[in-house]
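Student: I'd like to learn how to read a structure like this one. Can we go through the main features together?

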Amino acid sequence: MKLSKIKEILPTLENVEFQLENGTFVPEHFHVTEVGQINKKFIDCGGVIRNEKVVNFQLWNADDFEHRLKPTKLLNIIKLSEEKLGMEDAEIEVEYQSDTIGKYDLDFNGKTFVLKSKTTACLAQDACGIPVEKQKIKLSALNNASCTPNSGCC
C-alpha cells in the first residue's frame, strides 16, 4: 500500500487497527514511534545496482494501556513527516516487534490494516545460477501409441 492510499483511508475510520495475517491484532494501545523514508542503495548478486525507497512506520507497545491512536492523529503525523522530511509517495513498510523486529507490507481489508509477511528473493535469478523449474507433465497425457507394452520402445 502506498502512502497516498493510507491517507485516503484514514479519514473514513473511527479507529486505527493493525492485524497480522494470522488474525492476531496488534494491541490497541500501540504507538507509531517512527514515520520516515528509507532509501536503500544496494547491488544484487548479478552485479546490478539498485535503489529502493519505502515509507517506514514503526509500531511499538508500551504499558500505557489507555492509549489509543486516532486516525486524525496518525494522518497529522504523516503530514508532518511529509513536510519535514520531504517523503515521497512510496510503498509502506511496517516494523513491528514480535520475536525480533519484523518488517511487513501493509494492506487494508475494509476495516483493519493488515501486516503482510515479507519474503526474500533473488533479484538476479538469471545471473546467479538458479535453475529454471522444469515443467511437470503427466506421462498418461503424452498419447504416444508407439510406446506400448512389448513394443520394444522402453
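Tutor: Let's begin with surface. Accessible areas come from the Shrake-Rupley method with a 1.4 Å probe, and for residues only the protein chains shown count as cover. In this case the protein exposes about 10,800 Å², and carbon and sulfur atoms supply 50% of that area. Keep in mind that this is a predicted model: local features need pLDDT of at least 70, side-chain atom pairs count only at pLDDT 80 or more, and totals for chains, interfaces and linings use all residues. Residues are numbered from 1 along each chain as its sequence is written, and side-chain values use heavy atoms, with hydrogens and water left out.

Student: How many helices and strands does the secondary structure come to?

Tutor: Helices (H or I, at least four residues) and strands (E, at least two) are DSSP runs, numbered from the N terminus. Here you get two helices and six strands. Reading from the N terminus, the order is α-β-β-β-α-β-β-β.

Student: And what percentage of the residues count as buried?

Tutor: A residue is buried under 20% relative accessible area, exposed over 50%, and partly exposed in between (1.4 Å probe, protein chains only). Of the 154 residues in this protein, 30% count as buried. Take Leu 115, found in strand β6 (residues 113–117). Leu 115 is buried because its relative accessible area is 0%.

Student: Which residues does Leu 115 touch?

Tutor: Contact means heavy atoms within 4.5 Å. Not counting residues up to four places away in sequence, Leu 115 touches a list of residues including Phe 18, Leu 20, Val 26, Leu 59, Val 94, Tyr 96 and Leu 106. Phe 18 and Leu 115 are 97 residues apart in sequence, yet their C-alphas sit 6.9 Å apart in space. For the protein overall, residues 24 or more positions apart account for 65% of the contacts with a separation of 6 or more.

Student: Is Phe 18 buried or exposed?

Tutor: Phe 18, which lies in strand β1, is buried at 0% relative accessible area. Beyond four places in sequence, the contacts of Phe 18 include Phe 25, Phe 30, Leu 59, Phe 113 and Leu 115.

Student: Where is Val 16 found?

Tutor: Val 16 is in the loop between α1 (3–9) and β1 (18–20). With a relative accessible area of 6%, Val 16 is buried. Setting aside neighbours within four places, Val 16 is in contact with Leu 10, Phe 30, Leu 69, Lys 70, Pro 71, Leu 74 and Phe 113. Leu 74 takes us to helix α2 (residues 71–85). Leu 74 is buried too, at 0%, and outside its four-place neighbourhood Leu 74 is in contact with Leu 10, Val 16, Val 32 and Leu 69.

Student: With which side chain does the side chain of Asp 44 make a polar contact?

Tutor: A polar contact is a pair of N or O atoms within 3.5 Å; within protein, one must be able to donate a hydrogen and the other to accept it, and residues adjacent in sequence count only if both atoms are side-chain atoms. For Asp 44, the partner is the side chain of Arg 50, at 2.7 Å. Asp 44 sits in the loop between β2 (30–43) and β3 (49–61) and is buried, at 9% relative accessible area.

Student: What does the side chain of His 29 reach?

Tutor: The backbone oxygen of Ala 62, at 3.2 Å. His 29 is in the loop between β1 and β2 and counts as buried at 10% relative accessibility.

Student: Now pockets. How much space lies in the largest pocket?

Tutor: On a 1 Å grid over the protein atoms alone, a pocket is an open set of points with protein on both sides within 12 Å along at least five of seven lines, whereas a cavity is a set where a 1.4 Å probe fits but cannot get out; lining residues have an atom within 4 Å of a point. Grid points are joined across faces, edges and corners, and a volume is the space filled by probe spheres set on the points. The largest pocket here holds about 540 Å³.

Student: Which residues lie nearest its centre?

Tutor: Lys 40, Glu 52, Glu 93, Lys 118 and Thr 119, out of 20 lining residues. β2, β3, β4 (92–97) and β5 (101–108) each supply at least two residues of the lining, with the largest share, four residues, coming from β3.

Student: What classes does the lining have?

Tutor: Ala, Val, Leu, Ile, Met, Phe, Trp, Tyr, Cys and Pro count as nonpolar, Asp, Glu, Lys and Arg as charged, and the others, Gly among them, as polar. That gives eight nonpolar, two polar and 10 charged residues in the lining of the largest pocket.
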